[in-house]
Amino acid sequence: MLELRGLSKAFGGIQAVVDFSARLEKNRITGLIGPNGSGKTTLFNLITGFIKLDRGEVFFKKEKIDGLLPHEIASRGLVRTFQLSRVFPRMTVLENLLLAPQGQMGEKLWALGLKRERVRDEENRNLKKALSLIEKIGLLPLKDEFAENLSYGQQKLLEMARLFMANPEMILLDEPTAGINPLMIRKIMDFILTMREMGKTFFIIEHNMDVIIECCDWVFVLDHGEKISEGTPEEIQNDPRVIEAYLGT
Ligand SMILES: Nc1ncnc2c1ncn2[C@@H]1O[C@H](COP(=O)(O)OP(=O)(O)OP(=O)(O)O)[C@@H](O)[C@H]1O
Ligand SMILES: [Mg+2]
């Protein structure tokens, strides 16, 4: 689904990502781990077009996407979250989702000539989809609550659910469980696993090894921008290079 060929990026003198190559399979949950500052977020920024590559190529569903703008990449079905949560605090849970879909017919000029019913149908479909996502994340009783009144974990869930309004195929999550209590971590994992059941593909930056072990089919390990290991969660846990990278920092 996603192929990375020799991705490299330096910031001044710092090699943030060094010649990173990988293939990520469809319908899998792939993990990305590594010590702080090892280049994980930079790798996501390179894949999703938020920063420019120094070198390398990115293929999504066999099409070259490096050089495209973030919204162009998103509209092809590859979306991401950010390390810090970004919900709209002064909007309700439901409004947060309804604001998300891209290319809504009602917003397009050419739609003005179309029958009103078609626009209304689309709105109804979006409403149904939003409510079904809100139900999946367990926030139906809070659908009319302002997002700012949710717990941090609930906001993370909402942010993640919002991504699915645009029907993405592949989702990049940057530390989805960081700073979240165990109960909410469970809910976030369940949501990810449910969406995978529905055919979605994930690439997840994650520090929590319990999450990695339960959710990930395959894991890449970064250290100082370089891929030092890859394998199943069990394999990388027992890899001396990985243990050294973590103990050495
Ligand atoms: N925009 C930038 N300008 C300059 N240096 C940057 C920039 N973004 C990242 N870096 C540097 O690149 C390196 C990798 O950073 P990155 O944020 O990708 O690491 P990370 O693995 O996501 O770390 P963390 O686990 O703390 O989130 C670090 O040395 C960081 O200081
Ligand atoms: Mg990061």
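Me: Which helix gives the most to the shell around ligand 1?

Reply: A residue is near a molecule if its C-beta atom, placed from the backbone, lies within 6 Å of it. Helices (H or I, at least four residues) and strands (E, at least two) are DSSP runs, numbered from the N terminus. In this predicted model, helix 1 gives the most to the shell around ligand 1, with 3 residues. Strand 2 (14–24) and helix 1 (40–47) each supply at least two residues of that shell. Among the residues surrounding ligand 1 are Phe11, Ile14, Gly37, Lys40 and Gln83.

Me: What conventions apply to the numbering and to the confidence of the model?

Reply: Residues are numbered from 1 along each chain as its sequence is written, while chains are lettered from A and ligands numbered from 1 in the order in which they are written. As this is a predicted model, local features need pLDDT of at least 70 and side-chain atom pairs count only at pLDDT 80 or more, whereas totals for chains, interfaces and linings use all residues.

Me: How many residues of the shell around ligand 1 are nonpolar, polar and charged?

Reply: Ala, Val, Leu, Ile, Met, Phe, Trp, Tyr, Cys and Pro count as nonpolar, Asp, Glu, Lys and Arg as charged, and the others, Gly among them, as polar. The shell around ligand 1 divides into 3 nonpolar, 8 polar and 1 charged.

Me: Which residues of helix 6 are buried?

Reply: A residue is buried if 20 or more other C-beta atoms lie within 10 Å of its own, exposed if 12 or fewer, and partly exposed in between, with C-beta atoms placed from the backbone. In helix 6 the buried residues are Ile188, Phe191, Ile192 and Met195. They cover an arc of only 95° around the axis, so they lie on the same side of helix 6; the arc is that of the directions from the helix axis to the C-beta atoms. On the other side of helix 6, Pro182, Leu183, Thr194 and Glu197 are exposed.

Me: Why does Gln237 count as partly exposed?

Reply: Gln237 counts as partly exposed because it has 14 C-beta neighbours inside 10 Å. Gln237 lies in helix 8 (residues 233–237).

Me: How far apart are the C-alpha centres of domain 1 and domain 2?

Reply: Domain bounds come from an automatic or database domain assignment, which here gives domain 1 (2–87 + 151–247) and domain 2 (90–149). Their C-alpha centres lie 27 Å apart.
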